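Please look over the sequence and the three-dimensional structure below before reading on. The paragraphs after it are meant to be read with both in view.

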Amino acid sequence: MRGPTDPIEEATPEFVDAVLAIVAGIPPAKVMTYGDIADRLTAMPDLDGATGSYGARLVGQVMARHGHASAWWKVIRSTGQPPKGYESRALPHYEAEGTPLSGSGEHYKVDLKNARFDPDRPDEPAQQALL
C-alpha cells in the first residue's frame, strides 16, 4: 500500500492522459480539486493500493510536470486555494470565466460550494447551464 507519506512514483503515460482528459472536461467557471480527480481514477494501476492523500499528490505531480498546456487553474487545493505559487496567474482566468470566488486580493479562494464540478451530476442547476 502507498500512503500519504510515501514518495510519489512517476505516473504512467496512461495516468497522465487520464488526468489531462478530466481537466479538459471541466467547464468554464468550474473547478475540481486534486483529490476529486484522483477519486475518479482509483481503478488505475497508478493508484492501486493508494491511501490518504497519495492520489491527490500524484495528480498534483502530473499537473506540475504535464499540465502547462491545459486549463491548469481549474485544478485546485481542497481548501479552495489555487495552485500554490500560481495565485496571481490564476486569478485573471477565474475572473474571465466568472468562477465564484471569496476573499479579495492575494487572499482569495475559489468558492468550492458553487464552483466544484462533478461530472456525474450534470443535472445540477449550476452545472446544467454550462453543459
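The structure is a predicted model, and its mean pLDDT is 88, with 86% of the residues reaching 70 or more. Over residues 127-131, however, the pLDDT is below 50, although this stretch has 13 contacts in the model beyond near neighbours in sequence.

Helix α4 spans residues 87-97, and within this helix A90, L91 and Y94 are buried. These three residues lie on the same side of α4, because they cover an arc of only 115 degrees around the axis. The face of α4 turned away from that buried side carries S88, R89 and A96, which are exposed. As for what covers the buried residues of α4, the elements include the strands β2 (75-76), β3 (101-102) and β4 (109-110). Just after α4 comes G98, whose phi is positive, at about 80 degrees.

Is T33 buried or exposed? With a relative accessibility of 4%, T33 counts as buried, because the cut-off for a buried residue is under 20% relative accessible area. A polar atom of the T33 side chain lies 2.9 Å from the backbone nitrogen of D36. If the neighbours within four places in sequence are left aside, the residues in contact with T33 are V75, I76, R77, S78, L112 and R116. Of the positions in that list, V75 and I76 carry the numbers given for strand β2 (75-76), which is also among the elements that cover the buried residues of α4.

Definitions and conventions: Residues numbered from 1 in each chain as written. Heavy atoms only, no water. Buried < 20%, exposed > 50% of the residue type's maximum accessible area, 1.4 Å probe, protein only. Helix = DSSP H or I, 4+ residues; strand = E, 2+ residues; numbered from the N terminus. Arc of directions from axis to C-beta. Contact = heavy atoms within 4.5 Å. Polar contact = N/O pair within 3.5 Å; in protein donor to acceptor, adjacent residues only side chain to side chain. pLDDT = per-residue confidence, 0-100.
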